[in-house]
Amino acid sequence: MPLKPDDAFRAGRLLQWALRPRENPNQEKEYRQLLDDYLEQFDFRLLVKNIADGLGLKVLDADHRGMVLGPEHESAFAFRPAEFRTGAASTEDRLLDGLVQLAIAASVFPTSRDLEADAGILRPPVTVDEVDDNLRRLCQRIEAEHRTAPDPEASQEVAGLYEAWRIYQSRPTAIETGDKRQSPRGTRRIIQFGFDKLCEFGCFRKDSHGSRTVYQATWRYQVQVKEMAALQVYERVRRLLLAKET
Amino acid sequence: MLLHTFPLHDLRTSDSRVDEDRRHYDSLLLALKVMDLIVENAGLETEVDRTAVNRALEPLLAKMDEAAGLAPDVERHRLAIDRVLGGLRNDDDRRRPFSILYQDFDDFGKVVKRRLDFQLAFDQFHASGGTVLRLSNAAINLYLNALELDIEDAQTAAEAVLQSQLARGRFDEAVQSARNAKLQSIRYDEKIVGILRDTRRDLRRVDWKKEAPQTISDALDHIMVRLQMENSILSAAEERLEALADPESVRKVYQVVQLMRDCRGRHMDLHNQLMGARNVFLEEQGRQSFLSKPGVSTPSLETGVLDPVLRMGVSQALEVSGIAFPLWFGGRASGLFSLADVLIWQLRPRREPVAGHLAVEEADLTVASSEIPRFGRELREMAERVFAELPAPVRLSELLAAAARPPGLAHLLVLLALHDYARDQGEPALGRVEKLEGERLDAGGFHGDELMIYPDGADANAT
């Protein structure tokens with residue numbers, strides 16, 4: 001079907017809906033109609049994808065549950081680490097936030113087999129403790145491998161060579177403040193903050209399961225990790241490891 | 001097929017290992033009920049979610065409690081339902097497919113070990129924004145007690161059976177067969193829609209050299225035959241409808257007609273999709289052939305990403321997390337600065353604080369003696385008379401089953417009986433009410449513990 005004069009406007013409207021992750025096409029007639037056109041009309045689909053490309057966005061998936069967009073490197077629509085916390089964060093805090101996000105994704109999809117499963121099927125919910133336990137277990141394993149090696153030199157810390165696992169391991173799970181509250185510096189609170197931020201972006205849903213608080217990954221998050229994030233992060237890690245070897 | 005039953009047997013076997021107060025629940029029966037519920041609601045507007053499962057299993061659990069002499073308990077029921085759903089979804093292995101090792105003979109008669117991976121049930125994201133429970137094909141076959149046939153064959157079989165059942169007047173079975181035929185339609189629909197969706201997403205996921213063209217060609221042939229078959233079933237069913245007089249049979253055949261119309265609608269939609277399928281492939285091939293593709297297989301996030309990053313120096317680990325951060329959160333719209341909006345906001349007239357007292361309008365008050373009663377005075381007097389005129393102790397269910405009473409009286413009698421049972425000290429009593437251990441009330445739409453009502457002055461111990 002040839003493009004109509006207002007198709008560019010409609011493509012823009014569809015992308016605008018997709019950039020609001022909490023909107024549900026089932027409740028928004030215009031969004032649903034635009035998605036139907038996207039799925040049924042090749043020319044319109046191509047137009048939407050081209051505009052998204054120009055904006056630095058990739059259409060990762062689209063069906064009647066909505067449209068998921070992934071930001072390309074340095075896209076104006078990418079959420080930057082600097083925006084994660086208000087105020088200045090130390091290098092150590094930024095590192096911990098980054099490790100926590102990695103660990104959350106790895107707790108939802110630990111193995112490649114889990115990543116290969118259909119993104120439309122719910123992964124089991126995860127908890128703050130589970131993510132913390134996974135990180136500490138890995139840190140302990142690496143520590144055991146390093147038991148016979150000498151302690152790192154003090155200069156390594158300045159040069160940024162001090163290993164990430166040592167930083168995570170040295171941070172307590174919970175730190176109590178003078179007035180008996182939990183400090184945001186403890187790893188459990190850092191993980192909780194990471195989850196809450198993901199909930200704000202429509203990536204997780206906070207739920208209670210008996211007396212436990214669990215976080216359920218949404219379809220959007222599962223598509224993002226499966227279709228874009230996992231592979232791109234893995235590629236970067238692989239390149240860094242290869243560069244280290246050569 | 002036999003191997004697919006293993007998780008159900010495991011669930012049943014482990015019944016004896018749960019807490020003692022939950023051992024009386026038959027998880028096999030509950031699991032079959034869940035499967036039945038999902039199949040029954042497949043393709044309908046309201047598919048089965050956790051709330052629907054709770055609603056369906058609660059009465060069964062209460063009956064199992066009753067048989068075991070236990071009072072129903074919401075928390076215990078929740079745990080029992082969690083266990084059944086967990087068993088069907090394989091929660092113990094993070095909801096991965098069940099994996100069963102078995103032995104087989106190869107073409108040369110040599111013993112080989114094989115592994116069968118399959119799922120029974122899973123939670124799926126629904127277009128409504130919620131989640132629904134779905135059965136895998138393996139579980140549907142298991143439930144339908146069908147052989148491992150292709151979807152096409154299974155549907156042909158289901159519809160042929162249905163036609164013969166209609167002809168022989170076996171309407172109950174015909175309704176069940178029509179449901180099965182509808183289920184096969186849904187599965188077939190999902191298969192084709194899945195091929196098209198994967199093609200749009202990434203052409204390499206679908207084998208367009210052999211498999212997909214063959215599937216589409218088969219599907220078109222299949223649908224033509226199915227539509228003819230469905231039309232012939234519909235005419236046969238409509239003919240039977242005209243000839244039938246028994247309302248129950250009419251209802252059942254009408255159900256068959258509805259289900260067949262649904263199948264026909266689905267097949268017509270699918271036919272339209274199939275006609276455009278080849279174009280989807282050609283268009284996507286043209287578009288995707290110029291895109292660069294990463295050449296690596298699916299990574300393991302724990303061992304392939306998280307572990308190496310933890311071993312990296314801080315600066316390298318920060319580099320990775322910097323790249324990864326936007327990817328975890330997805331695309332989001334950042335607001336642009338608007339000078340006009342800021343100016344309008346700044347030029348808004350200041351809202352003057354209200355000084356002094358706010359004038360309060362005098363309310364037009366009336367004297368109310370008490371809350372508006374739910375039951376009228378007349379009805380209340382009638383209920384009190386029923387209690388006062390009781391000739392002998394009587395069970396609440398017997399009282400409710402007695403001759404027709406004005407609307408609302410049964411409700412009031414139950415409320416008064418409960419009030420008497422738990423009345424505060426010193427409060428006047430209409431009679432004396434005691435709970436009958438082990439007996440259940442199930443009358444006039446009321447359910448719960450059975451109560452014995454003693455007329456004023458009668459001795460509870462005398463009966």
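How many helices and strands does the secondary structure of chain B come to? Fifteen, or rather 15 helices, and seven strands.

Some housekeeping before we go on. This is a predicted model, so to speak of a local feature I need pLDDT of at least 70, side-chain atom pairs count only at pLDDT 80 or more, and totals for chains, interfaces and linings use all residues. Residues are numbered from 1 along each chain as its sequence is written, and chains are lettered from A and ligands numbered from 1 in the order in which they are written.

Okay, confidence. The predictor gives the complex an ipTM of 0.90 and a pTM of 0.69. For chain B, the mean pLDDT (the predictor's confidence in each residue, from 0 to 100) is 80, and 87% of the residues reach 70 or more. Among the elements of chain B, helix 6, residues 151-167, has the lowest mean at 59, while helix 10, residues 301-311, has the highest at 94. Also keep an eye on residues 146-151 of chain B, where pLDDT stays under 50. The model has 10 contacts beyond four places in sequence for that stretch; a contact here is two residues whose C-beta atoms, placed from the backbone, lie within 7 Å.

Now chain A. You'll find 10 helices and four strands there, and along the sequence they read α-α-α-β-β-α-α-α-α-α-α-β-β-α. Of its 246 residues, 38% are buried. By buried I mean 20 or more other C-beta atoms within 10 Å of the residue's own; exposed is 12 or fewer, partly exposed is in between, and the C-beta atoms are placed from the backbone.

On the helix 1 side, the contact uses Arg10(A), Arg13(A), Leu14(A) and Trp17(A); on the helix 2 side, Glu30(A), Tyr31(A), Leu34(A) and Tyr38(A).

Strand 3 (residues 204-209) and strand 4 of chain A run antiparallel, joined by six bridges; for two strands to count as paired, DSSP has to find at least two bridges between them.

Is Val214(A) partly exposed or buried? Partly exposed, because it has 18 C-beta neighbours inside 10 Å. Leaving out residues up to four places away in sequence, Val214(A) touches Pro125(A), Val126(A), Thr127(A), Asp207(A) and His209(A). The C-alpha atom of Val214(A) is also 9.7 Å from that of Asp129(A), 85 residues apart along the chain.

So where do the two chains meet? In all, 70 residues of chain A are in contact with 53 residues of chain B. Helix 10 of chain A gives the most to its side, with 15 residues. That side of chain A divides into 45 nonpolar, 13 polar and 12 charged residues. Nonpolar covers Ala, Val, Leu, Ile, Met, Phe, Trp, Tyr, Cys and Pro; charged is Asp, Glu, Lys and Arg; the others, Gly among them, are polar.

Last stop, chain B. Of its 463 residues, 27% count as buried. Three strands form an open antiparallel sheet in the order 5-7-6, with strand 5 (394-395) and strand 6 (431-443) at the edges, each pairing on one side only. Strand 5 meets strand 7 (residues 446-455) over two bridges, and Val394(B) stands opposite Ile453(B). Helix 15 (residues 409-421) lies across strand 6 and strand 7, at about 120° to strand 6.

Finally, the loop between helix 4 (74-89) and strand 1 (98-105) of chain B holds Asn90(B), and Arg95(B) lies in the loop between helix 4 and strand 1 too. Asn90(B) isn't a glycine, but has a positive phi of about 65°; Arg95(B), not a glycine either, has one of about 60°. Asn90(B) is buried, with 20 other C-beta atoms within 10 Å, whereas Arg95(B) has 19 and is partly exposed.

Terms used: Axes are lines fitted to C-alpha atoms, for helices over the stretch in contact, and angles run from 0 to 180 degrees between N-to-C directions.
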